[in-house]
Amino acid sequence: MSATSQPKVTEREARQVAEAAREQDWRKPSFAKELFLGRFRLDLIHPHPLPADEDAQRGEEFLAKLRDFCETKIDSARIERESRIPDETINGLKELGALGMKIDTKYGGLGLTQVYYNKSLALVGSASPAIGALLSAHQSIGVPQPLKQFGTQEQKDTFLPRCARTDISAFLLTEPDVGSDPARLATTAVPDGDGTYVLDGVKLWTTNGVVADLLVVMARVPKSEGHKGGITAFVVEAGSEGVTVENRNAFMGLRGIENGVTRFHRVRVPEANRIGPEGAGLKIALTTLNTGRLSLPAMCVGAGKWCLKIAREWSTEREQWGRPVAFHEAVGSKISFIAATSFALEAVLDLSSQMADEDRNDIRIEAALAKLYGSEMSCLMADELVQIRGGRGFETAESLAARGERAVPAEQVLRDLRINRIFEGSTEIMHLLIAREAVDAHLSVAGDLIDPEKSLSDKAKAGAKAGGFYARWLPKLVAGPGQLPRTYPEFHPSGHPDLSTHLRYVERSARKLARSTFYAMSRWQGRMETKQGFLGRIVDIGAELFAMSAACVRAELLRTTEAYGREAYQLADTFCRQSRIRVDELFDRLWTNTDDLDRKVVQGVISGTYTWLEQGVVDPSGDGPWIADATPGPSKRENVHRPIR
C-alpha cells in the first residue's frame, strides 16, 4: 500500500476512532477538570501530597548514584559531536539499574515512584537530553508501562526482567503518512490461523528503534470470523526475521537519539505477545501516555534549572556600562522570568507526579497540561538564555572552547528542547485533546443537542437533561470564595508575600473560564470543534491557572519544611503576577482576535492567490516526494539496527 493509498476515512470516522479510544469515565476526582468547570477544588491538592519515607529514601539513594554517573561517565560533548550515545555509557546505565527505574523490584527493577523517576530524568536529561530521551522512551511509552497496566502475568514475567536490566524497548505508532490521526493506520497484523499474527507495514520516528531489543507495535487487525479486529498492540522482538531498520534519522537537536524507520515484512508475532484484546491498542496507548507524558516535562524542568544556573553565573560575570548585565532591567526581567517559571514548572511536575503515585485523582488532564506547559515554557526560557548570552548564546560550545572560553551549550539546549513541543502530541494536538476532556461534562449532557445526526426526539431528551444540569451549574459560576478578601488565609503568613490573593484570582478566573466555555458552546454549538484558536486559548488559560495553583501550594509546603520558604513564596508571587498578565491577555483574545481573517488568508494561500509573494527567492530543498512511500513488502535497504554491545 503506497503512501498515497492509505485507508480512506472521513473526518467524522477519524473522530469516532479517537473518541472510542478515550477513557470514557471519570471514576476519580480531577483538580484540572474541576478547574475548567469553574470549581476551584483546592482541597484536592492542598496540603501538598508527599512521598512515603521509604520511597523517598530509596529515590534519594538512587539519585546520588545517578548524579555521580552523570558527572563522571557521561560525556555530553562527545554525544553531541558524534551524534551517538557510546555503548559503554548505555551499558553503564544498565548496570546502574536505570533501565528499570519504574519497574517493580520483583521483576528486577528499582521500583521508583513517579516523583523520583521524574527527578532522575531531570538529572540525567541535564547531562544529556539524548540519554534522557532514551530512558524515557524505554520506560514511559516502551514495553514496561503498557505491560504494567495491561499485560498478562505471563507477559510481565517474560519481558519485565529483560527491560529492567538488559533490553531497550521502543514504541512504534507513527507512520510516514499517519501522525495524530490513527484511524488511517496502515500497518496490518493478519491472523494466520495457527496462533500467530503476520505483521506488515512501515513505522516512522521510532525513538530507540535503532538500538531496541523489544518493540511495542500498533497494527490494524482485519475484522474476520473469530477476530474483533481493530488497532491492536503487540510486543515484537526487534531481531525477528522480517524486521528491518531502514534508516537512522537525524534531527536539529537530540543528536544522540536512536530514532529511525522500521519496516515489517511478514513478521510472525505469537498471540501470546498481544497486549490486551484486539482493538484495544489506541486505548492502551492513550492510557499509557497519561503518566508517560510526565517524563517529558521532567526534562523540561531540568533544562529550566540549568538555564537559571547559567543565566546567574554569566550575568554576574559579564559587565556593561559599569555594572553586571543582571542589574540592567532589560536583562534582569529575563532572569526573573527564568527563575519564576522554573519554580512553577517544578511545582506542576512534582504535584502531578505525586498525584499519580497516590492514585487518588484522575490526572489525565494534569499530565497533559504539564506536558503542554512544560514544553512551551522551557523553550521560552532557553530562548531567553540565548538572548542573555548574546553572540555567545548563538555560538556552539565546541567553538567557545576552541577560543578559550567556557563551553556553554546554550544553543544546543534550545535545539534539543524544540522537539518537546512535538513529541508525544504536538502543542496543537494537546490543545484539542485537553479541550475535549475539559468539555466532557458539557458533551455528556448536551452532546446530542449539537449532533447533526441525532433525531428530534433524541434532541428533545438531551434538551431536558441539559436543562437540569445547567439550572444547577450556571448559578454557581456567578459568585465564589475568590470574591471574599479573607479567603485562603494560610497562604498569607506573616512576613511573606500574599499568595492568597493569587488563589482568589484563580478561583474567580476558573468561573470566568467556565462561563466563557458555556457561552461559546451556546454560540457555536456543533461548530465548536472547528474553533481551534478559541479552544487553544481556553486550554492555555487553564494551564496558567493550574501552574499558579501548583506554585502557591508548593511554596506553602516549602515554607513549612525548608529553610528557604520565604524565597519560595517570593518566586511563587512573582510567577503568579507574570502569569496573571498572560491570563488577562488570553481572556481578551478569546473574543478579540484575527481567527476569521486568518482563515481567509489561509484559503488564499492554498488557492495560490499569494504566490506572487513568494517571488524573489530560491528553494534549496532537494527533490523527492513530500511523504515517503510506505508500500508493504520486503526491505530493499541495509538493516542499520545496532544492538548495544
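Let's start at Gly633. Setting aside residues up to four places away in sequence, Gly633 touches Arg263 and His265. One caution before I go on: this is a predicted model. Gly633 sits in the segment after helix H23, which spans 595-607. Is Gly633 buried or exposed? It is buried, because its relative accessible area is 12%, and the cut-off for buried is under 20%. For a sense of distance, take Ala280. Gly633 and Ala280 are 353 residues apart in sequence, and their C-alpha atoms are 26 Å apart in space.

Next, Thr113. Thr113 is in the loop between helix H5 (87-96) and helix H6 (114-127). Its relative accessibility is 11%, so Thr113 counts as buried. What does Thr113 touch, not counting residues up to four places away in sequence? Asp55 and Asp357. Thr113 and Lys600 are 487 residues apart in sequence, with 50 Å from C-alpha to C-alpha.

Now into the helices. Val301 is in helix H11. Val301 has 4% relative accessibility and therefore counts as buried. Leaving aside neighbours within four places in sequence, Val301 is in contact with Leu345, Glu346 and Leu349. Ala344 is 43 residues from Val301 in sequence, and the C-alpha atoms of the two are 9.3 Å apart.

His138 is in helix H7. Its relative accessible area is 0%, so His138 is buried.

H16 covers residues 410-418, and seven of its nine residues are buried, so H16 is largely enclosed by the rest of the structure. Which residues of H16 are buried? Ala410, Glu411, Gln412, Val413, Arg415, Asp416 and Leu417. Note that Glu411, Arg415 and Asp416 are in that buried set. What do the buried residues of H16 pack against? Five names here: helix H4 (76-82), helix H7 (129-141), helix H11 (295-317), helix H13 (364-389) and helix H14 (391-394).

On to helix pairs. Two packed helices are described by the angle between their axes and the distance between the axes. First pair: H20, residues 500-524, and H21, residues 532-561. Their axes come within 10 Å and cross at roughly 165 degrees. An angle over 145 degrees counts as roughly antiparallel, and H20 and H21 are therefore roughly antiparallel to each other. The crossing of H20 past H21 is left-handed.

Who is in that contact? From H20: His502, Leu503, Tyr505, Val506, Ser509, Ala510, Leu513, Ser516, Thr517, Ala520 and Trp524. From H21, they meet Phe534, Ile538, Ile541, Gly542, Leu545, Met548, Ser549 and Cys552. By type, the residues of the H20 and H21 contact are 13 nonpolar, six polar and no charged.

H21 passes H22 in a left-handed crossing. In the contact of H21 with H22, the residues divide into 20 nonpolar, two polar and eight charged.

Last topic, the backbone. Most residues other than glycine have a negative phi, and most peptide bonds are trans. Here are some exceptions to look up in your viewer. His46 and Pro47 are joined by a cis peptide bond, with omega about 0 degrees. Pro47 is in the loop between helix H2 (31-36) and helix H3 (53-73).

Asp359 is not a glycine, yet its phi is positive, about 60 degrees. Asp359 belongs to the loop between helix H12 (329-358) and H13. With 47% relative accessibility, Asp359 counts as partly exposed.

Glu424 also has a positive phi without being a glycine; the value is about 50 degrees. Glu424 is in the loop between H16 and helix H17 (427-438).

That's my tour. Over to you.

Note on methods
Residues numbered from 1 in each chain as written. Predicted model: local features only at pLDDT ≥ 70, side-chain atom pairs only at ≥ 80, totals over all residues. Heavy atoms only, no water. Buried < 20%, exposed > 50% of the residue type's maximum accessible area, 1.4 Å probe, protein only. Helix = DSSP H or I, 4+ residues; strand = E, 2+ residues; numbered from the N terminus. Contact = heavy atoms within 4.5 Å. Axes fitted to C-alpha atoms, helices over the stretch in contact; angles between N-to-C directions. Parallel < 35°, antiparallel > 145°, perpendicular 65-115°, else oblique. Left-handed = near helix turned anticlockwise from the far one by under 90°. Nonpolar A, V, L, I, M, F, W, Y, C, P; charged D, E, K, R; others polar.
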